[in-house]
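Open the model in your viewer and keep the selection tool at hand.

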Amino acid sequence: MNLEGALSWSFTFEDQPYFAGFRQMASNGLPLPVFNVMRMFSRMGEQRVAASSDHAIPLDKILKDGVRGEPDVGVLASKSDQTNQLTMMVWHYHDDDVAGSDANVSLRLAGLPTNVTTANLKHFRVDRSHSNVYTRWLTMGSPVAPNTIEYRQLQQASQLTEVATAPKQIELSDGNAELEFTLPRQGVSLIVLNW
């Protein structure tokens, strides 16, 4: 899989205040949300499979105009035959980091094994409430020098986390399945199915 469009020009800024710089993957030893998106990419399977979204903005339009009007709600999917796994990354992106409506996502899956009736599901999320050390730091009052307890809480918030309310299994019928969820603006979900 070619990830050059997702790679980051990141730098290390030593001896800087917490979350002071741009273009970095971590701050003071704490992985930032973009690092968790890279963790999501690392869970993708080795074989890309066809996936499309009726709310995705074509790449040539993004390169020309950016994502300024409607948000880009896209999907990337892969599978691993070695582990009987299907992974789908779904994003809800806009160039301007301003409030906007959640995306109502409906995944319709086809081509799954016809002899399987259920699959285990894990739903990981990066957004303002999940896998986001920066928003946790803000809710703490933006401490200049977090104490030991606060730093441990920040470490926990910096990990890739699952959506607690997501179902743990999904039903399959004749190799097909459906899954619906909402995805906040500037959010990324990784759906992992195993059977």
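**First stop: helix H4**

Select residues 148-157, helix H4, and pick out Glu150, Leu154 and Ala157, which are buried. These three sit on the same side of H4, because they span an arc of only 60° around the axis. An α-helix has 3.6 residues a turn, so residues three or four places apart point the same way. Keep in mind that this is a predicted model.

Now turn to the face of H4 that looks away from its buried side. Which exposed residues does that face carry? Select Thr148, Ile149, Arg152 and Gln156.

**Second stop: the cover**

Go back to the buried residues of H4. What covers them? Select strand E2 (30-31) and helix H3 (133-139): both are included in the cover.

**Third stop: the whole chain**

Zoom out and show the protein chain by secondary structure. The C-alpha atoms fill a box of roughly 55 × 40 × 30 Å along the principal axes.

Next, display contacts. Of those with a separation of 6 or more, 71% are between residues 24 or more positions apart.

**Last stop: surface and charge**

Colour by burial: 40% of the 195 residues are buried.

Finish with the charged side chains. There are 16 positive and 21 negative ones, and the centres of the two sets lie 4 Å apart.

Note on methods
Residues numbered from 1 in each chain as written. Predicted model: local features only at pLDDT ≥ 70, side-chain atom pairs only at ≥ 80, totals over all residues. Heavy atoms only, no water. Buried < 20%, exposed > 50% of the residue type's maximum accessible area, 1.4 Å probe, protein only. Contact = heavy atoms within 4.5 Å. Lys, Arg positive; Asp, Glu negative; His and termini not counted. Charge placed at Lys NZ, Arg CZ, Asp CG, Glu CD. Helix = DSSP H or I, 4+ residues; strand = E, 2+ residues; numbered from the N terminus. Arc of directions from axis to C-beta.
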